[in-house]
Amino acid sequence: MSKYSITWTDYRLPTGKEFSVAICEKTGRICHMFIGKDVIRRSFIREVAIEGQNCSASEHCLALDCELNKTPKEHLMHMLDMHEDEALDEETANVWGTESTIDSLLLFVKQVETMIAEGKVTTEQPQTEK
């Protein structure tokens with residue numbers, strides 16, 4: 001069994017809203033995200049264990065295109081601190097091309113991943129935890 005670290009990094013939107021992402025060392029993908037500060041979540045989500053095609057986070061991960069991911073939509077709602085998928089307002093729905101809040105947040109995760117990979121986003125403060 002191999003273990004891989006999860007690295008948490010804080011970011012700030014141009015609006016001033018803070019959010020944090022957790023990146024899996026194995027895939028380099030965002031596996032968790034939350035708006036605001038959440039020290040408790042950070043303390044529980046520290047690593048993943050992979051054995052063969054089984055990942056310890058396979059049913060609780062935002063990296064939906066990871067071959068090991070089996071996260072059901074119900075867990076996505078929970079992970080994004082939602083009780084149900086809410087409809088977006090018309091303007092936001094037009095921006096993201098979806099009326100689903102969950103789908104828009106998943107598109108946001110992909111956009112942040114791309115921006116990190118391209119070096120187009122940096123942390124507001126050097127507060128990276130491993």
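**Fold, cores and selected residues of a predicted model**

Glu51 is partly exposed, at a relative accessible area of 49%. This value falls between the 20% and 50% limits, so the residue counts as neither buried nor exposed. The structure described here is a predicted model. Glu51 belongs to strand E4, which spans residues 47–51. Its C-alpha atom is 6.4 Å from that of Ser2, although 49 residues separate the pair along the chain.

The overall fold comes next. Four helices and six strands make up the secondary structure of the protein. Their order along the sequence is β-β-β-α-β-β-α-α-α-β. The radius of gyration is 15 Å, close to the 14 Å that the globule rule gives for 130 residues, so the protein is as compact as a globular protein of that length. Along the principal axes, the C-alpha atoms fill a box of roughly 45 × 35 × 30 Å. Of the 130 residues, 41% are buried. Among contacts with a separation of 6 or more, 44% join residues 24 or more positions apart.

The surface and the charges were also examined. The side chains include 14 positive and 23 negative ones. The centres of these two sets lie 8 Å apart.

The largest nonpolar core has 17 residues. Those with the most contacts inside this core are Phe19, Val21, Ile30, Met33, Leu62, Leu80 and Ile102. At least two core residues come from each of strand E2 (18–24), strand E3 (30–35), helix H2 (73–79) and helix H4 (101–117). H4 gives the most, with five residues. A second, separate core has 16 residues, including Cys31, Ile45, Val48 and Leu68.

Neighbours within four places in sequence are left aside here. The contacts of Ile30 are then Val21, Ala22, Ile23, Leu62, Ala63, Val109, Val112 and Glu113. Two of these partners, Val21 and Leu62, are also listed among the residues with the most contacts inside the core.

Val48 represents the second core. This residue lies in strand E4. Its relative accessible area is 5%, under the 20% limit, so Val48 is buried. Beyond residues up to four places away in sequence, Val48 touches Ser2, Lys3, Tyr4, Ile6, Cys24, Cys55, Ser56 and Ala57.

Ile6, one of the residues touched by Val48, lies in strand E1, residues 2–12. Ile6 has a relative accessibility of 1% and therefore counts as buried. Ile6 and Ile116 are 110 residues apart along the chain, and their C-alpha atoms are separated by 15 Å.

Asp81 provides a case from a loop. This residue is placed between H2 and helix H3 (90–96). Asp81 is not a glycine, yet its phi is positive, at about 60°. Its relative accessibility of 52% is over the 50% limit, so Asp81 counts as exposed.

Technical notes:
Residues are numbered from 1 along each chain as its sequence is written. This is a predicted model: local features need pLDDT of at least 70, side-chain atom pairs count only at pLDDT 80 or more; totals for chains, interfaces and linings use all residues. Side-chain values use heavy atoms; hydrogens and water are left out. Buried means under 20% relative accessible area, exposed over 50%, partly exposed in between (1.4 Å probe, protein chains only). The radius of gyration is taken over C-alpha atoms; the globule rule is 2.2 Å times the number of residues to the power 0.38. Contact means heavy atoms within 4.5 Å. Lys and Arg count as positive and Asp and Glu as negative; His and the chain ends are not counted. The place of a charge is taken as NZ of Lys, CZ of Arg, CG of Asp or CD of Glu. A nonpolar core is a set of buried Ala, Val, Leu, Ile, Met, Phe, Trp, Tyr and Cys residues joined through side-chain atoms within 4.5 Å.
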